[in-house]
Amino acid sequence: MATIKKELSIKGNTLMKNHECSVLIKPSTSGKIKFYLDGYDDAIVADVDNVCSTSHCVCVGNGNRQVMLIEHFMAACAFCNIDSIDVYIDKPEMPILDGSSYEWVKAFKKVGVEKSKPVYYTLLEPVSYLNGKTHVVIVPDDELRISYGVNYDHPDMKNRWASFTMKNQNEIIEARTFGFLHDLKKFQFFGYAKGVTQENTVGFTDDGGYTTKLRSDREPIKHKILDIIGDLYLTGVNPLYLKAQIIAKEAGHAVHVKTALKLKSKLIKCE
């Protein structure tokens, strides 16, 4: 079990509704990542069983309350090996910050994270979710390997793959969310993506370019890897300490979460 050494606070706008959100994060000994929405005393636990929506982002809920866009935060917790904190927020959506996990990781490192020995897990048997062109397959292996494939209508993103290794983990951490620029007005008309900026989102333009300079080669695919790390952490087991090979193709949050539900009962601690 690992938590932060002292509390931290951070503010930022939300991606979906463009509201300013204040977040206070406190050390905990509960062994869980818990969200407390302003005005309520009971927690919303970051657990795959509490996922109430995967439309546009991942939401966890408790009754009529929910917290949106937790995936980048969960990935940051995974990279810092944090599994025990209390998160107090005054809006039902985590701030987008720079669109990646970088600012969260930076904040955690600034206040310090208690050192803990990594606990490794493997699988009782392979886990998969297949639906036409979409699939996620997780099989036991000697070490973690993640490969992610996409096929978007963009010259750099047609049938392209990216992989996670310990050598490129910083590129995964800083990979920003993305979307097609021509879809932005439509999403905003329906009340979503109101907080999109050039700083927090990589936009695909119709001429095959981007709205901002990429931080690394194939940054959008690396963001998909970031997403699946955050989503799989909802099993309660840090996927970065999973002795398995994870292969995902043309998936998204809904498929990640369905896979996590299957994976949760198949995990066993390594001796």
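Predicted model: local features only at pLDDT ≥ 70, side-chain atom pairs only at ≥ 80, totals over all residues.
Strand β8, spanning residues 85-89, is mostly covered, with four of its five residues buried. Pairing of β8 was found with strands β2 and β3. Strand β2 (residues 20-27) runs antiparallel to β8 and is joined to β8 by five bridges; in this pairing, isoleucine 25 is placed opposite valine 87 of β8. Strand β3 (residues 33-37) likewise forms five bridges with β8, but in the parallel sense. Here leucine 37 lies opposite isoleucine 89 of β8.

Helices α1 (residues 71-79) and α5 (residues 219-232) form a contact in which their axes come within 7 Å and cross at roughly 80°. Because an angle of 65 to 115 degrees counts as roughly perpendicular, α1 and α5 are therefore assigned to that class. On the α1 side, the contact comprises Glu71, His72, Met74, Ala75, Ala78 and Phe79. The α5 side contributes His223, Leu226, Asp227, Ile229, Gly230 and Asp231. By residue class, the contact between α1 and α5 consists of six nonpolar, three polar and three charged residues.

In general, an α-helix has 3.6 residues a turn, so residues three or four places apart point the same way.

Definitions and conventions. Residues numbered from 1 in each chain as written. Heavy atoms only, no water. Buried < 20%, exposed > 50% of the residue type's maximum accessible area, 1.4 Å probe, protein only. Helix = DSSP H or I, 4+ residues; strand = E, 2+ residues; numbered from the N terminus. Pairing = 2+ DSSP bridges. Axes fitted to C-alpha atoms, helices over the stretch in contact; angles between N-to-C directions. Parallel < 35°, antiparallel > 145°, perpendicular 65-115°, else oblique. Contact = heavy atoms within 4.5 Å. Nonpolar A, V, L, I, M, F, W, Y, C, P; charged D, E, K, R; others polar.
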